Amino acid sequence: MKKLILIPIYFLAILTASAQLNVTGQASISVQPERTIVTYSINETRDSYDEAISTMTKRIDALTNALTKIGFKKEEIKTANFNIRQNRKYRQSEPKGEEYVASQTLEIRFDHSTKRLLEVLNKTTSDESAPSVSIAFGMSDEQEKTVKNQLIQKAVADARAKAEVIASATGYQIKGIKEINYGGSSNTPRPYATNMGMMKSFAESDMSNFEAKDLTISDQVFISYEIDK
């Protein structure tokens, strides 16, 4: 008769002192803007709806004509906002009828050039249209793509460098990456940055110099490293 012999097998579990290290990698790059955005705002307040619209439209037409004369196509002149609202007029805290406020915003974009910008400002802000003007500088599509890739690479390198310093200082070694989070940060690259707002005609001052400030773009990435002794 055969006997069944059970031979116990023992497994040796080797426990290592492992841990997780969470690091935020950050990066910033300063670049010269390659795009300019000029925004014109025109507002008219009149006692009647039709008068407010008519007066504002005349000023918009004058501005559009000025832009086309310096080379902008009509399809390049975009309406960013149009609004008309009714307000109540007051005199000595007493209501004295109604008035209408019509407003429209036009926007143009072009490759950045100080010479071109000065031409635009000095040729499109006459008394006939008298718009309020704001200027923004930003990156072109290709520039934005390049900068974003550079930021990610620099942020990942920054995270790794921080992790190595922290691990070394605490007697650990980096074993690998457990998790990467990207895209949830409020510091993602912004393609445009407002530079200034102006409420008077540039034609009155005939600007001769205008240099755009470099754009500083920031980004970050969150990386969790597996570390052990």
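## Helix α2

Six residues of α2 are not listed as exposed here but as buried: T114, L117, L118, V120, L121 and N122. Buried means under 20% relative accessible area, exposed means over 50%, and partly exposed is anything in between (1.4 Å probe, protein chains only). Helices here are DSSP runs of H or I with at least four residues, strands are E runs of at least two, and both are numbered from the N terminus. The buried side of α2 packs against β2, β4 and β5, where contact means heavy atoms within 4.5 Å.

## What kind of model this is

You're looking at a predicted model, where local features need pLDDT of at least 70, side-chain atom pairs count only at pLDDT 80 or more, and totals for chains, interfaces and linings use all residues. Residues are numbered from 1 along each chain as its sequence is written, and side-chain values use heavy atoms, with hydrogens and water left out.

## The nonpolar cores

The largest one has 23 residues, and V38, Y40, L67, F72, I108, F110 and V120 have the most contacts inside it. Two or more residues come from each of β2 (35-46), α1 (49-69), β4 (94-111), α2 (114-123) and β5 (132-138). There is also a second, separate core of 17 residues, with V23, M139, L151 and I217 among them.

Leaving out residues up to four places away in sequence, L67 touches Y40, F72, I77, I108 and T124.

## Helix α1 from end to end

With 21 residues, α1 reaches 30 Å from its first C-alpha to its last, close to the 30 Å expected at 1.5 Å a residue; that expected span is 1.5 Å times one less than the number of residues. After α1 comes G71, with a positive phi near 105°.

The buried residues of α1 are A52, T55, M56, R59, I60, A62, L63, T64, A66 and L67. Their cover includes β2, β3 (78-91), β4 and α2.

Strands β3 and β4 run antiparallel and are joined by 12 bridges; two strands pair if DSSP finds at least two bridges between them.

## Salt bridges

Searching the whole structure turns up 9 salt bridges, each being a side-chain nitrogen of Lys or Arg within 4 Å of a carboxyl oxygen of Asp or Glu. One of them joins R46 and E51 at 3.7 Å, N to O. R46 is partly exposed at 28% relative accessibility, and E51 is partly exposed at 37%. This pair belongs to a network of salt bridges that links E44, R46, E51 and R59.

Helix α3 (residues 141-169) holds D158 and K162, 4 residues apart, or about one turn. Their closest N and O atoms are 3.0 Å apart in a salt bridge. E164 and R160 also form a salt bridge, again with a closest N and O distance of 3.0 Å, and they too sit 4 residues apart in α3, about one helical turn. An α-helix has 3.6 residues a turn, so residues three or four places apart point the same way. Relative accessibility is 22% for D158, 31% for K162, 40% for E164 and 35% for R160, with D158 counting as partly exposed.

## Two residues worth a look

A130 isn't a glycine, yet its phi is positive, near 40°. A130 lies in the loop between α2 and β5 and is partly exposed at 37% relative accessibility.

Q143, found in helix α3, is buried at 10% relative accessibility. Not counting residues up to four places away in sequence, Q143 touches V31, Q32, P33, E34 and G138.

Note on methods. A nonpolar core is a set of buried Ala, Val, Leu, Ile, Met, Phe, Trp, Tyr and Cys residues joined through side-chain atoms within 4.5 Å.
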